[in-house]
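This report goes through selected features of a single chain. The sequence and the structure come first, and the description follows.

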Amino acid sequence: MSAVLADFSVLTPVTDEDRVLLAARAVRVHGPEISPHGLLCGSKRVPYPCRLARWGRATLARRRPHRGEMA
């Protein structure tokens, strides 16, 4: 049984800080590009915003401190 379990990778826990870094990268990589067909995702070439761009922006928006926290 241990030989079978050794073949599967162990999931690494993702911290909030990791999530913010991944979100910032998603926003940067999946930013809009202008094409004759309108705005496209810079990575996937699908209509902008793609799923990862939306997730990245939403994650960063939730992470920003509110005015009361900025003291």
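R19 and D16 sit three residues apart in helix α2, which is about one turn of the helix. The model is a predicted one. The side chains of R19 and D16 form a salt bridge, with an N to O distance of 3.9 Å. R19 is partly exposed because its relative accessibility is 38%, and D16, at 49% relative accessibility, also counts as partly exposed.

How many salt bridges does the structure hold? There are two. In the other pair, the side chains of E33 and R45 meet at 3.5 Å, N to O. This pair links distant parts of the chain, since E33 belongs to strand β1 and R45 to the loop between β2 (38-41) and α3, 12 residues apart. With a relative accessible area of 38%, E33 is partly exposed. Side chains of opposite charge can pair when their charged atoms come close.

The two salt bridges are listed below.

| Pair | Distance, N to O |
|---|---|
| R19 and D16 | 3.9 Å |
| E33 and R45 | 3.5 Å |

Helix α3 covers residues 51-63. Its 13 residues, at 1.5 Å a residue, should span 18 Å, and the end C-alpha atoms are 18 Å apart, so the two values agree. Which residues of α3 are buried? They are A53, G56, T59 and L60. These residues cover an arc of only 135 degrees around the axis, and therefore lie on the same side of α3. R51 and R62, on the other side of α3, are exposed. The cover over the buried residues of α3 includes α2 (16-29).

L52 is also part of helix α3. Its relative accessible area is 37%, so L52 is partly exposed. Together with V14, L22 and W55, L52 forms a nonpolar patch on the surface, and the four residues have about 340 Å² of accessible area together.

The loop between α2 and β1 (32-35) contains H30. Is H30 buried or exposed? H30 has 6% relative accessibility and so counts as buried, the cut-off for buried being under 20%. Leaving aside residues up to four places away in sequence, H30 touches C41, G42, S43, K44, Y48, C50, L52 and A53.

Notes. Residues numbered from 1 in each chain as written. Predicted model: local features only at pLDDT ≥ 70, side-chain atom pairs only at ≥ 80, totals over all residues. Heavy atoms only, no water. Helix = DSSP H or I, 4+ residues; strand = E, 2+ residues; numbered from the N terminus. Expected span 1.5 Å × (residues − 1). Buried < 20%, exposed > 50% of the residue type's maximum accessible area, 1.4 Å probe, protein only. Arc of directions from axis to C-beta. Contact = heavy atoms within 4.5 Å. Patch = residues over 30% accessible without salt bridge, like charges linked within 9 Å, V, L, I, M, F, W, Y side chains within 5 Å. Areas by Shrake-Rupley, 256 points an atom, 1.4 Å probe, with all protein chains shown as cover.
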